[in-house]
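Colleague: Could you take me through this protein and its salt bridges, please?

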Amino acid sequence: MTETDIVARALMGEEAAWRELVAEHQQAMFRLAYLKLGDADEAEDATQEALMRAHRYLRRFDPSRPLRPWLLAIVSRVAANRRRAAGRYWAALQRWLAEREVRQTPSRQREAPLDDERGLWRAVQQLAAIDQDVIYLRYYLDLSVAEAAEALGVAEGTVKSRSSRALERLQDLLDSDYPEWIKE
């Protein structure tokens, strides 16, 4: 059975079909929310909220298109809204200040050197939100250019150019702030 068939069953109110869709896409939604929020509990809440919204507005979904980008766009907006909330802003500011202190210490004394994926993720978090979004979708979630374009609501060419610029900015950041991590 194709995803289109499952979506059609879910549109007719079949809960088993909706649960099947959730099982298929919930992990990718959580991963994107976690990448954007940096906290597992917040990411779980954002994912659940996004799934509730998706269920409520499933009738607005165009079944001729893939479902995953639509769901990722919803969770991306929910995560962005949560991140902008006043309490989240204060927590984010405190984390930024703490990371800034770590970056200003000599590289040998850093608590968490950039030697793994988590370190690279921290570097990506220092980029602008628009750069983070395209990197998360293309490289962390391994979406195609077309799927990322759908999730971001932009043209495929825009995804390509944003990806290129985001990777350049990331490279510049790594060169300037983490020269010991760059392999020659």
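Modeller: A salt bridge is a side-chain nitrogen of Lys or Arg within 4 Å of a carboxyl oxygen of Asp or Glu. This is a predicted model, in which local features need pLDDT of at least 70 and side-chain atom pairs count only at pLDDT 80 or more, while totals for chains, interfaces and linings use all residues. Residues are numbered from 1 along each chain as its sequence is written, and side-chain values use heavy atoms, with hydrogens and water left out.

Colleague: Which residues are linked in a network of salt bridges?

Modeller: The network links Glu42, Glu49, Arg53 and Arg82. Within it, the side chains of glutamate 42 and arginine 82 meet at 3.2 Å, N to O. Glutamate 42 lies in helix α3 and arginine 82 in helix α4, so this pair ties together parts that are 40 residues apart in sequence. Helices here are DSSP runs of H or I with at least four residues, strands are runs of E with at least two, and both are numbered from the N terminus.

Colleague: And what about glutamate 49 and arginine 53?

Modeller: Their side chains also form a salt bridge, at 2.7 Å from N to O. Both residues lie in helix α3, 4 residues apart, which is about one turn of the helix.

Colleague: Is glutamate 42 buried or exposed?

Modeller: Glutamate 42 is buried, with a relative accessible area of 15%. Buried means under 20% relative accessible area, exposed over 50%, and partly exposed in between, using a 1.4 Å probe and protein chains only. Glutamate 49, at 22%, is partly exposed, and arginine 53, at 28%, is partly exposed as well.

Colleague: How many salt bridges does the whole structure have?

Modeller: The search finds 8. One of them joins glutamate 24 and arginine 68, at 3.9 Å from N to O. Glutamate 24 lies in helix α2 and arginine 68 in helix α4, so the pair ties together parts that are 44 residues apart in sequence.

Colleague: Which buried arginine has no salt bridge?

Modeller: That is arginine 162, whose nearest side chain of opposite charge, aspartate 133, is 6.8 Å away. For charge, Lys and Arg count as positive and Asp and Glu as negative, while His and the chain ends are not counted. Arginine 162 lies in helix α9. Leaving aside neighbours within four places in sequence, arginine 162 is in contact (heavy atoms within 4.5 Å) with Ile130, Val134, Leu152 and Val154.

Colleague: Changing topic, how many helices and strands are there?

Modeller: There are 9 helices and 0 strands. Buried residues make up 37% of the 184 residues.

Colleague: How many residues are in the largest nonpolar core?

Modeller: The largest nonpolar core has 49 residues, and those with the most contacts inside it are Trp18, Trp70, Leu72, Leu137 and Leu170. Such a core is a set of buried Ala, Val, Leu, Ile, Met, Phe, Trp, Tyr and Cys residues joined through side-chain atoms within 4.5 Å. Its largest share, 10 residues, comes from α2.

Colleague: What does leucine 72 touch?

Modeller: Beyond its neighbours within four places in sequence, leucine 72 is in contact with Ala28, Met29, Leu32, Leu137, Leu141, Leu143 and Ala151.

Colleague: Finally, how many aromatic pairs are there?

Modeller: The structure holds 3. One of them is stacked: phenylalanine 30 and tyrosine 34, 6.2 Å centre to centre with 25° between the planes. Rings of Phe, Tyr and Trp (its six-membered ring) pair if their centres lie within 6.5 Å; planes under 30 degrees apart count as stacked, over 60 as edge-to-face and the rest as tilted. Phenylalanine 30 and tyrosine 34 both lie in helix α2.
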